[in-house]
Amino acid sequence: MRIIGLMVCGPNEADRYLEGSLKEFKRLCDDAIIATNNADSKTIELIRSYGFWHYPDNREWGLYQPDIKTTLLEKVGRLNPDWVIALDSDEVFAPEFTRAEAERLAKTKEIAFNFLVVNLYNDPDHFTHGPGIQRFWNIRFFKFLPEMGLTYQKKRLHCGLAPPYAYHHGWHAPYYLEHYGLMKAEDRARRVERYQKYDPNAKFKGKVYYDDLGKELKPYIFDRKKLLEQLANSTDCQPR
Amino acid sequence: MKKFFYVRRLMPTGQDRGVVDIPEDDLEQTLKNNPTWINLGEVSINKNWEKPPALVIGVGECPLCGYKAADQFDLNQHKTKEHYS
């Protein structure tokens, strides 16, 4: 089985969480392609040091996100994947999600898997779960099926990391995904600015999410072991 | 295979609440319940997409530009020289 990673990486990610995500590709994938979007040389150098494919796609992120991702997935197709792992540059899987586990999931009848995205909050040992910023299921592992369409959903923002077929038919993996991108208050503030520019009327995501970014929410202790147990026993994660 | 349709949720007030995808089975009833919502058409499936040739390790082809490498070493060199310069 051939598993290929894909990622779009923005500027200054080498100084943030990129290396953690690249390590995930290293342990889970046979190869990966990373498209950089207006990235700095330090970020590109870090990608190079991992030996993955890289190319720049500097179209404006807030306007051309679905096109950038569709182009990337088409290039991934040239590496002949059976399955694809899609990550943002600030995400890591639960360490219990191993290559062997990925292959086991891929051998079921499913064609895509959602992971429970946990938004870390203030530090890596806490998360938040408010009305807007929530723990939520999202596709990160999907079968490469070009005959079902590789075009990402035509939304300028929040178009996902997989084409629509994966979202329509995806099931749930019994694993979480740690998201570091909203952990620091300054990162949340930067997102507020970005969304005010590209989605001022909250067309592409609920306003309550944008509102939560500007608030100080209650942090909860992130008990990774307990969450894994809950997911393993959850009806949502049982084979269907 | 189940079909899905993109629907723009235009509210009676004129507020645009964005695009969602709706299963074909629910489409008619959804549009009946929300007469101001607009059906944008079926979620596109590109039936003409041709899978590119597989990358054969050892006589590889660059997935980014199509460069045909003599061997894996050549491909690795090409990757660094052309795509990281």
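Here are some questions and answers on the contacts in this predicted model.

Residues are numbered from 1 along each chain as written, and chains are lettered from A in the order written. Local features need pLDDT of at least 70 and side-chain atom pairs pLDDT 80 or more, while totals for chains, interfaces and linings use all residues; side-chain values use heavy atoms, without hydrogens and water.

Reader: How much area is buried between chain B and chain A?

Author: Let's begin with contacts, meaning heavy atoms within 4.5 Å: 29 residues of chain B touch 31 residues of chain A. Interface size is often given as the accessible area lost when the parts come together. Here that loss is taken with a 1.4 Å probe and summed over both parts. Carbon and sulfur atoms give 61% of the total, which is about 2700 Å².

Reader: Which residues form the salt bridge across this interface?

Author: A salt bridge needs a side-chain nitrogen of Lys or Arg within 4 Å of a carboxyl oxygen of Asp or Glu. The rule finds 1 between chain B and chain A. At 2.2 Å from N to O, the partners are R78(A) and E61(B).

Reader: And which residue lies over the face of W53(A)?

Author: A charge counts as over a ring if NZ of Lys or CZ of Arg is within 6 Å of the ring centre and within 35 degrees of the ring normal. In chain A, the charged end of K75(A) sits over Y55(A), 4.9 Å from the ring centre. For W53(A), at 4.5 Å from the ring centre, the residue is K79(B).

Reader: Is F127(A) buried or exposed?

Author: F127(A) pairs with Y220(A) at 5.7 Å centre to centre and 35 degrees between the planes, a tilted pair (Phe, Tyr or six-membered Trp ring centres within 6.5 Å; planes under 30 degrees apart are stacked, over 60 edge-to-face, the rest tilted). The pair joins strand β7 to strand β10 of chain A, 93 residues apart. Buried means under 20% relative accessible area, exposed over 50%, and partly exposed in between, using a 1.4 Å probe and protein chains only. Y220(A), at 33%, is partly exposed, whereas F127(A), at 9%, is buried.

Technical notes: Helix = DSSP H or I, 4+ residues; strand = E, 2+ residues; numbered from the N terminus. Buried area = accessible area lost by both parts, 1.4 Å probe.
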